[in-house]
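Here is a short report on a two-chain model. Please read it alongside the sequence and coordinates.

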Protein chains: 2
Amino acid sequence: MIYPYPVDHIRRIGQLRRRLTRAGLSGLVIHHLPDVRYLSGFTGSSAALAVTSRAACLFTDGRYTAQAAEEVHAAKVQIVARSVSEAAVEWLAVQPGVELAGFDPAKTTVAELARWKAALPSRLRRAFLTALPVPMVEPLRLVKDEDELAVMVEAALMGCKLFDHILGFIRPGLAEIDVAGELEHKARLWGAEGMSFETIAASGVRSALPHGKATMARLPRRGFLTLDFGVILKGYCSDMTRTVYLGKPKANERNAYHAVLEAQETAVAAVGPGVSCGDVDEAARGVLRRAGLAEAFTHSTGHGVGLEIHESPRLGAGQTTKLQSGMVVTIEPGVYLAGQFGIRIEDMVAVTRTGGQVLTPAPKALIEL
Amino acid sequence: MIYPYPVDHIRRIGQLRRRLTRAGLSGLVIHHLPDVRYLSGFTGSSAALAVTSRAACLFTDGRYTAQAAEEVHAAKVQIVARSVSEAAVEWLAVQPGVELAGFDPAKTTVAELARWKAALPSRLRRAFLTALPVPMVEPLRLVKDEDELAVMVEAALMGCKLFDHILGFIRPGLAEIDVAGELEHKARLWGAEGMSFETIAASGVRSALPHGKATMARLPRRGFLTLDFGVILKGYCSDMTRTVYLGKPKANERNAYHAVLEAQETAVAAVGPGVSCGDVDEAARGVLRRAGLAEAFTHSTGHGVGLEIHESPRLGAGQTTKLQSGMVVTIEPGVYLAGQFGIRIEDMVAVTRTGGQVLTPAPKALIEL
């Protein structure tokens with residue numbers, strides 16, 4: 001009973017089958033672990049799933065015999081003592097009615113494909129395996145179902161609770177890793193499986209590093225502290241950033257903060273079904289451009305999040321992908337002035353039928369500690 | 001000053017160049033991040049490195065401008081607003097004297113390779129890029145240099161110190177995640193960047209799950225608790241497992257523990273330069289076979305460890321790879337009896353010129369708490 005929440009894997013595999021049929025394929029090998037987990041519920045570190053129009057079989061190794069029996073209900077399970085993906089491909093090759101099996105070219109290495117082909121009977125080597133013309137699992141994972149949204153809300157709210165807790169912990173002289181360690185410890189005690197990425201705690205001039213992982217550097221008496229962190233709950237990632245100030249900010253620091261906040265809120269307000277990702281990015285970028293900070297905003301506005309911390313879509317300049325109800329994305333503009341300071345504010349936002357719902361309702365007004 | 005220890009990246013790139021030349025290649029694109037870090041020192045989450053016989057250039061994005069300038073001294077740095085690996089391939093294509101550039105087929109997806117080819121001028125699409133016939137960076141990383149060994153010793157000893165600490169913390173009724181959380185929190189406070197994998201804390205019947213991640217399950221009054229955990233220090237992973245007993249073990253539990261311990265110590269004693277990985281595996285497996293536990297040992301004996309938690313070589317049945325001085329491997333036999341209990345004992349062992357040096361000298365005699 002590792003993850004005792006109900007998920008309809010049979011329905012997900014059914015959706016996948018309809019896509020396969022539409023693409024003219026009779027089989028598919030899936031070995032990207034988040035995809036395997038999404039479709040089968042299996043959480044182990046070694047697995048491949050083979051799906052045909054009639055059958056589905058998960059391949060894993062002897063370490064996971066008991067766990068696979070417990071977790072996997074929508075597919076058969078085979079325990080193998082060799083490459084799980086090779087076993088999946090060989091299984092597909094002997095399934096009745098399977099003439100053409102797809103693989104995901106974005107998740108399959110050149111070496112793997114060569115090994116799969118070598119494992120097939122020679123008559124099948126040329127034409128049995130084909131790179132998927134379009135992603136098959138990603139479009140399913142992109143739009144979260146109710147089970148997923150419920151878990152993601154829970155994960156996002158744990159992030160907010162952690163932020164609230166850490167506000168009472170932060171003081172000048174602590175190391176950045178003390179702050180990160182406290183966040184991570186509380187997350188664990190509150191039931192997180194882990195953090196969704198290495199916690200960013202960047203203080204003082206280090207806040208100008210967009211990805212400044214926590215170091216032994218001491219929190220200053222006066223300066224920004226950017227905290228970007230997330231938890232993993234039942235496999236799903238949360239992601240949020242808040243930037244707080246220790247001491248009294250100078251006018252230029254306060255102005256920059258307000259520009260980032262306005263950019264962030266403008267982009268959040270732009271989220272809605274049918275809106276292009278590029279337009280959401282431009283909503284944030286336009287505000288920072290008008291504030292003379294366009295050059296200091298060196299990354300894109302956000303990304304999808306779910307079983308992985310970075311998923312499609314990417315909310316960057318010129319991205320034409322349209323948001324759909326059920327997607328969960330981050331909105332996280334920031335400005336970085338090398339040698340001075342940096343600021344980033346990030347929420348997770350679920351796209352609803354009418355707009356966007358912020359999942360991380362922690363305070364965003366400038367907090368002075 | 002994120003990782004203020006001296007590493008001779010120029011020497012490592014020089015070693016790589018000699019390998020390239022021997023393979024008849026004039027360029028190489030590297031985009032597996034641990035390889036990029038090993039060769040250049042860059043620790044960001046987006047990078048590709050291009051190396052020719054005369055030049056080396058690291059490509060990353062605008063989030064890492066300051067960090068790349070700080071960390072990278074053995075290569076030029078280019079900040080790009082597009083795919084870093086495409087930028088690296090295009091750069092290689094215009095370097096004087098570069099006729100044939102290699103890529104690592106084990107780290108390059110089918111889709112990436114197609115994009116790289118599409119980014120090249122049409123006259124170069126067919127013959128400029130070639131899959132490396134043999135790994136180029138892996139053989140370098142396999143054998144740790146003095147800088148690496150010093151850090152790995154430090155990481156391994158932190159693991160031992162954590163185990164010693166946790167012995168005073170464990171008591172019946174705590175949740176597995178309380179134990180994992182305490183380990184992880186202390187690791188952070190002692191300077192670890194994070195854990196090298198999701199901490200395994202599997203108690204009672206859950207100890208029979210070889211990869212039983214910590215859950216809300218409570219530690220029993222009587223039963224095994226397996227702890228398998230590692231820290232990341234300056235990028236390098238530690239990895240160790242100890243299995244302790246809460247209460248008084250039954251005779252069959254004690255016997256099984258002693259069989260695993262004997263298997264583990266026999267395999268550690270077998271480690272040495274020139275010994276095949278399969279022979280080390282057989283040293284452990286033979287002991288468990290004679291104890292009637294062969295079927296219960298469901299995985300291989302160990303694996304290499306370094307910048308990644310799982311590296312070559314694999315110490316499994318029939319593996320003919322020979323150990324070399326400077327390799328660091330785990331030795332971790334275990335037995336798993338579904339519905340009853342499981343036991344695993346694991347050390348990190350450095351291969352020396354004369355044998356093996358255990359890097360994780362924490363007690364292995366059965367501890368009853």
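P313(A) sits in strand β14 (residues 311–315) of chain A. Helices (H or I, at least four residues) and strands (E, at least two) are DSSP runs, numbered from the N terminus. The peptide bond from S312(A) to P313(A) is cis, with omega near -5°. In chain B, P313(B) is found in strand β14 (residues 311–315). The S312(B) to P313(B) bond is cis, with omega near -5°.

K234(A) is not a glycine, yet has a positive phi of about 50°. K234(A) lies in the loop between β10 (231–233) and β11 (236–237) of chain A.

## Basis of the model

This is a predicted model: local features need pLDDT of at least 70, side-chain atom pairs count only at pLDDT 80 or more, and totals for chains, interfaces and linings use all residues. Residues are numbered from 1 along each chain as its sequence is written, chains are lettered from A and ligands numbered from 1 in the order written, and side-chain values use heavy atoms, with hydrogens and water left out.

## The interface

In the interface, 37 residues of chain B are in contact (heavy atoms within 4.5 Å) with 39 residues of chain A. The two chains bury about 3200 Å² between them, 60% of it on carbon and sulfur atoms. Buried area is the accessible area (1.4 Å probe) that two parts lose on being put together, summed over both. R63(B), V110(B) and R188(B) supply 22% of the area that chain B buries against chain A, more than any other three residues.

The rule finds two salt bridges across the interface. A salt bridge is a side-chain nitrogen of Lys or Arg within 4 Å of a carboxyl oxygen of Asp or Glu. E184(B) and R188(A) meet in a salt bridge through their side chains (2.7 Å, N to O). On the side of chain B that touches chain A, α3 (65–71), α5 (110–119) and α8 (176–189) of chain B each give two or more residues. The largest share, nine residues, comes from α8(B).

## The α8 pair

Helix α8 (residues 176–189) of chain A packs against α8(B) at an angle of about 175°, with the axes 9 Å apart. Axes are lines fitted to C-alpha atoms, for helices over the stretch in contact, and angles run from 0 to 180 degrees between N-to-C directions. The angle makes α8(A) roughly antiparallel (over 145 degrees) to α8(B). Residues making the contact include I177(A), H185(A) and L189(A) of α8(A), and I177(B), H185(B) and L189(B) of α8(B).

Conventions: Angles under 35 degrees count as roughly parallel, over 145 as roughly antiparallel, 65 to 115 as roughly perpendicular and the rest as oblique.
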